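Q: I would like to learn how to read the packing of helices in a model like this one. Could we go through it feature by feature, with the general idea before each case?

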Amino acid sequence: MLADYAVRVEQSRGRRYPEPPHPYRNEFQRDRDRVIHARAFRRLEAKTQVFTRRYSDHFRNRLTHTIEVAQIARTIAAQLGLNVDLVEGLALVHDVGHPPFGHAGEKALDVAMRQHGFFFDHNLHALRIVEDFEMRYAAFRGLNLTFEAREGIIKHSHDYSGQQFPELAEYLLDQRPPLEAQLIYVADEIAYNTADLDDGYEAHLLTLGEIRQGVPIFERFYGEVETIYPLAMEKLKFNEALKKMLDRLVGDLIQNTGAQIRQAGIETLEDVRTHPGRLVRLSVEVEEERRQAKEFLYRTMYNSVTLAPEKIEAERVISELFEFWMAKPENLPSSYRDKSKHDPLPRVVCDYIAGMTDNYIYEQYQRYCGGAKQSQTLA
């Protein structure tokens with residue numbers, strides 16, 4: 001049963017290009033399925049989340065992370081009476097705009113763009129993907145997603161200014177996004193805060209002792225697990241503690257968001273849109289626990305000396321390829337050369353690089369920027 005403040009598919013603002021209804025799938029289910037069958041979604045399998053393939057095939061990539069976010073978001077949405085179909089579609093599409101090499105790649109691409117008076121934003125790039133780049137239908141460009149899906153891509157994690165981004169005016173920038181979109185940002189935070197502890201431990205970048213000392217919420221649950229399973233293997237006790245940590249974050253988000261909705265007197269979707277702040281959030285206590293875990297990850301893993309060479313290499317590959325195609329656009333594929341006739345060349349080069357997988361961009365680097373420079377770091 002949907003809550004009164006949930007998004008109802010029958011009240012959708014529709015698609016940019018009208019289409020006849022499907023006989024057995026509603027419009028948000030069709031959005032979800034179009035995302036799953038998109039080329040940009042498939043490419044997530046070969047894009048870095050935190051660890052490149054040098055470490056292991058067992059670690060999360062951008063696609064497996066996305067699937068985990070979708071699972072967490074669906075669970076929370078169902079408990080809050082939100083539209084699970086819309087939530088699932090938004091969770092699956094939320095990372096399609098990310099370039100290769102994870103956050104290092106995003107940083108490098110933004111730096112390259114700013115040198116030419118532009119910038120890179122993965123949410124805005126995701127919108128360009130679903131509205132223009134995907135070519136699957138004869139009747140229109142892009143995936144022709146519903147307004148609610150496109151709005152969620154833009155607004156799930158960031159509030160854009162209508163004055164700064166007039167081209168996004170149709171997305172109601174002066175209003176809050178629906179709870180279905182607000183949920184994606186927090187589900188994403190919960191997913192990677194816990195998953196990256198797991199991958200960091202498996203990669204031996206983080207020891208159990210370091211995690212217990214630096215992440216109080218984990219330490220509390222590990223103590224409980226040791227009491228229940230004193231003879232279990234360390235890795236299994238680690239798994240149990242991490243599972244309890246995940247459950248606390250998810251459970252608190254459900255309870256606290258419900259409390260925020262009741263305290264604010266939210267009864268309709270319009271109430272959500274006009275509320276002064278976002279309603280989907282953790283309690284003060286648990287938000288502090290999540291913040292401590294995130295700070296620990298930045299301090300010990302994301303900014304670690306061990307991962308630094310890979311980040312430096314990723315930034316070099318992207319920056320050198322960017323400048324190569326800026327200087328020699330005739331080496332771009334024909335479709336991108338055609339785009340450069342009516343779009344700024346930096347934007348065209350950025351679009352091309354952002355869509356690449358880790359493997360493909362490295363192949364292009366070897367081809368165009370000299371084999372003598374190639375490094376085994378990303379191989």
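A: Let us start with a pair of helices, where axes are lines fitted to C-alpha atoms, for helices over the stretch in contact, and angles run from 0 to 180 degrees between N-to-C directions. The axes of α3 and helix α4 (residues 84-93) come within 8 Å and cross at roughly 160°, which makes α3 roughly antiparallel to α4. For that wording, angles under 35 degrees count as roughly parallel, over 145 as roughly antiparallel, 65 to 115 as roughly perpendicular and the rest as oblique. Helices (H or I, at least four residues) and strands (E, at least two) are DSSP runs, numbered from the N terminus.

Q: What should I keep in mind about where these values come from?

A: This is a predicted model, in which local features need pLDDT of at least 70 and side-chain atom pairs count only at pLDDT 80 or more, while totals for chains, interfaces and linings use all residues. Residues are numbered from 1 along each chain as its sequence is written, and side-chain values use heavy atoms, with hydrogens and water left out.

Q: In which hand does α3 pass α4, and which residues meet?

A: A crossing is left-handed if the near helix is turned anticlockwise from the far one by less than a right angle, and right-handed if clockwise; α3 passes α4 in a right-handed crossing. Contact means heavy atoms within 4.5 Å, and on the α3 side Thr66, Val69, Ala70, Ala73, Arg74, Ala77 and Ala78 meet Val84, Val87, Glu88, Ala91 and Leu92 of α4. The residues of this contact of α3 with α4 divide into 9 nonpolar, 1 polar and 2 charged, where Ala, Val, Leu, Ile, Met, Phe, Trp, Tyr, Cys and Pro count as nonpolar, Asp, Glu, Lys and Arg as charged, and the others, Gly among them, as polar.

Q: Which residues of α3 are buried, and what do they pack against?

A: An α-helix has 3.6 residues a turn, so residues three or four places apart point the same way. Buried means under 20% relative accessible area, exposed over 50%, partly exposed in between (1.4 Å probe, protein chains only). In α3 the buried residues are Arg62, Leu63, His65, Thr66, Val69, Ala70, Ile72, Ala73, Ile76, Ala77 and Leu80, and they pack against α2 (39-43), α4, α5, α8 (179-202) and α11 (234-263).

Q: How does α1 pack with α4, and which residues make the contact?

A: Helix α1 (residues 27-36) and α4 pack at an angle of about 20°, with their axes 8 Å apart, which makes α1 roughly parallel to α4. The crossing of α1 past α4 is left-handed. Phe28, Gln29, Arg32, Val35 and Ile36 of α1 make the contact with Asp85, Leu86, Glu88, Gly89, Leu92 and Val93 of α4, and by class the contact has 6 nonpolar, 2 polar and 3 charged residues.

Q: How should I read the span of a helix, for instance that of α5?

A: The expected span of a helix is 1.5 Å times one less than its number of residues. Helix α5 (residues 102-114) has 13 residues and reaches 19 Å from its first C-alpha to its last, close to the 18 Å expected. Among the buried residues of α5 are Gly102, Ala104, Leu109 and Met113, and what covers the buried residues includes α3 (62-80), α6 (122-133), α14 (308-327) and α16 (345-354).

Q: Where do residues other than glycine have a positive phi?

A: Most residues other than glycine have a negative phi, and most peptide bonds are trans. Phi of Phe101 is near 70°; Phe101 sits in the loop between α4 and α5 and counts as buried at 7% relative accessibility. Asn144 has a positive phi of about 55°, lies in the loop between α6 and α7 (147-155), and is buried with a relative accessible area of 5%.

Q: What does a buried residue such as Ile153 touch?

A: Ile153 lies in helix α7 and is buried, with a relative accessible area of 3%. Not counting residues up to four places away in sequence, Ile153 touches Leu90, Val93, Asn123, Ala126, Leu127, Val130 and Leu145.
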